[in-house]
Amino acid sequence: MIKLKKCMLVGALVSAGMLVSCESTQDSAQEETDVVSLDLNLRDTTVAPNNDFYRYTNGGWLDKTEIPSDRSAWGSFHELFEYNEKVLSFVLDEATKGELYDENSNEIKAANFYASGMDSLGIEAQGAEPLKPMLAQIDQLQSKEELDDILAPLQKVSVTAFFNVFVGIDDKQTDSYIMNVTQSGLGLPDRDYYFREDQTGQEIISGYKAYMTKLFVLVGEDSTVAAAKAENIFALESKLAENSMTRLERRDPDANYNKISIDELQKNSSWLDWKSFFSGIGVDEIGELNVNQLAYISQLTEVIGDSELEEIKDYLKIRFISPNTAYLSNDFVMAAFDFYNKQLSGQQEMRPRAKRMVNSTNANLGDALSKLYVDEVFPPEAKEKCLEMVNNIKEAMHKRIDQLTWMSEETKKEAHTKLTKLKVKIGYPDEWEDYSSIDISKDSYIQNRWNTSTFDNQQNWGKLGQPIDPNEWHMAASVVNAYYNPPANEIVFPAGILQPPFYNYKADDAVNYGGIGAVIGHEITHGFDDSGRKYNHEGELKDWWTEEDAAEFERRAQVMVEQYNGFEVQDTLNVNGELTLGENIADLGGMLIAYDALQMNFEKNGRPGIIDDMTPEQRFFLSQATLWRGKYRPQLEQQLLIQDTHSLGKFRVNGPVSSMKEFYEAFEIKEGDPLWRSEEERVDIW
């Protein structure tokens, strides 16, 4: 599984696959209907803006909206996911009609992939058979010295037992790629789950063991033997978890940069023949690597040494079976659903198969559908207006840097240089991925998955020793998200998020600057948050701050940490202000520079009048607040608090506005109001 450094607008749990069915269309996925730029009927006007701005903006929606039974959450992102899924379904259907495309084209590859996933009868008939060759290969291991022989083929199909490897830009030498070795191989969502002693935590652990037992039974094990194997695997994974860095520790780029030679890696972690492993995945020439979590990788020698060979083999089997359950017969699918979706996230029902297959096709062959998606929904004028907005917001950020009273001129100069050199990608890549070399048939859904995984991994590993590709995208154009990539010093906005309610190129400027403008500002600010600020204008992990300015930044950031630590989500469960710091800084910074850019736009083009009895400033803030409306099942809410670096929607609204004097002026917030904070309590960084 390829993993790249990037700061995304929303986490994977919120963004991935939460879509519902839409009405079909005949000639086009786009319907010629007017999109309401700001729906004021979604407000709760019984709540004053100065009391709870999130509730004021979204209360009407919150009161009447129920989370669909096949979802664990619902909100603005999911509504856009639903629309985008409708478009993807349409273009996928079009790809299967007539003789529009060559048999080896991306479009036909996508159509075949989808067809293989929809062949439920064929998948049921196969049962566990597709797994047996790899399981037999695992069984054939005679000693721990042979582990490289099995870990390499597993890694090719994105099974990251014990560790993961991927090629990315070298953080300290950004004109070249480097192989990264990272911790991996846990079946629970986060290392902290293995040590929970509360009732819910113990129930999750029991559920995980039952899930592993079920998988073993499905591949032919006796239930009693399977339960014993599950216990042993949990004990082994607990050792891995104990040695793993926490999510908070992994946010520190300095702590995760450990460049060593392949010989040093062998000396530090002698349990595996590393050169043989890399040769097995097709990487024969490798000099230096970045071992992101060096202590973890080094401690694998002791973990492997203390484990019985049969326990290791059982662990490898589970790590192979589990990520492939979605591509197997229904008993495997339901085993995974009951634990990961139902118990962990609160989802009550499985999504319809057709919807799952559309998203699976897009996840595995993203550029195939995304090109068709872009042609359908993203006209050139939308890209042009968005780029203009980006440039305006960058200009506003330059002005904010100049106005900072706490930063020295020396650091300001470097900040300006970094911002000036920030690269921007909007909508879609200049070149689409060519999938013609991948064997995609209608006959085997899981084999298609393994073939696309192998292709993706080989593409990634093949970059080693090659020049940096400045046009590379790490997200499909149809995805509803955005990201900042520190070593490339770039911000990327796929066409998928450049749709209402985030972006409507026909809407008034206040709504767009409060919507996609705040998103653009969010990604720009990631370059200057507690982690991103450690990368210079070339994307290098190199300190460019004076000692005094760095200390002052940390002091100001601590105000935000303490503020968010005080936000209660559930009884005794609060936001983790340290874990979410980078995203919280980006949320506030994004709103500030988007607001400034809006005012600059008014100065250039004239100030509009009142719309729907609201000033442009009020519409700006309401537009931003609508982005984060959402409802979560309690199980998912708890999961997000543990593993998501983003705060929940309510606090992505009320948190930033409580530190903005511009908000105070727009809604006449005064001392004594619930959202009012003294100047000393407000966060003031960018």
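## Helices α20 and α22

Helix α20 passes helix α22 in a right-handed crossing. Keep in mind as you look that this is a predicted model. To find the pair, follow residues 509–526 for α20 and residues 581–605 for α22; their axes come within 6 Å and cross at roughly 135°. That angle makes α20 oblique to α22.

What kinds of residues make up the contact of α20 with α22? By class, there are 11 nonpolar, nine polar and three charged residues.

## Helices α8 and α13

Next, turn to helix α8 (residues 199–218) and helix α13 (residues 309–321), whose axes come within 10 Å and cross at roughly 90°. The two helices are therefore roughly perpendicular to each other.

You can pick out the residues that meet here: α8 brings Y208, M212, L215 and F216, while α13 brings D314, K317, I318, R319 and I321. Sorted by class, the contact of α8 with α13 holds six nonpolar and three charged residues, and no polar ones.

## A sheet of four strands

Now for some strands. Four of them form an open sheet with mixed pairing, in the order β3-β4-β6-β5. Which strands stand at the edges? They are β3 (163–170) and β5 (259–261); each has a single partner strand, so one side of each is left without a neighbour in the sheet. On average, neighbouring strands of this sheet are turned by 35° against each other, with direction ignored.

Let's look at one pairing in detail. Strands β3 and β4 (residues 173–183) run antiparallel and are joined by eight bridges. Within this pairing, V167 stands opposite M179 in β4.

Is K412 buried or exposed? Its relative accessible area is 4%, so K412 is buried, as the cut-off for that word is under 20%.

Which residues are in contact with K412, leaving aside its neighbours within four places in sequence? The answer is I401, D402, L404 and M407.

How values were computed: Residues numbered from 1 in each chain as written. Predicted model: local features only at pLDDT ≥ 70, side-chain atom pairs only at ≥ 80, totals over all residues. Heavy atoms only, no water. Axes fitted to C-alpha atoms, helices over the stretch in contact; angles between N-to-C directions. Parallel < 35°, antiparallel > 145°, perpendicular 65-115°, else oblique. Left-handed = near helix turned anticlockwise from the far one by under 90°. Nonpolar A, V, L, I, M, F, W, Y, C, P; charged D, E, K, R; others polar. Pairing = 2+ DSSP bridges. Buried < 20%, exposed > 50% of the residue type's maximum accessible area, 1.4 Å probe, protein only. Contact = heavy atoms within 4.5 Å.
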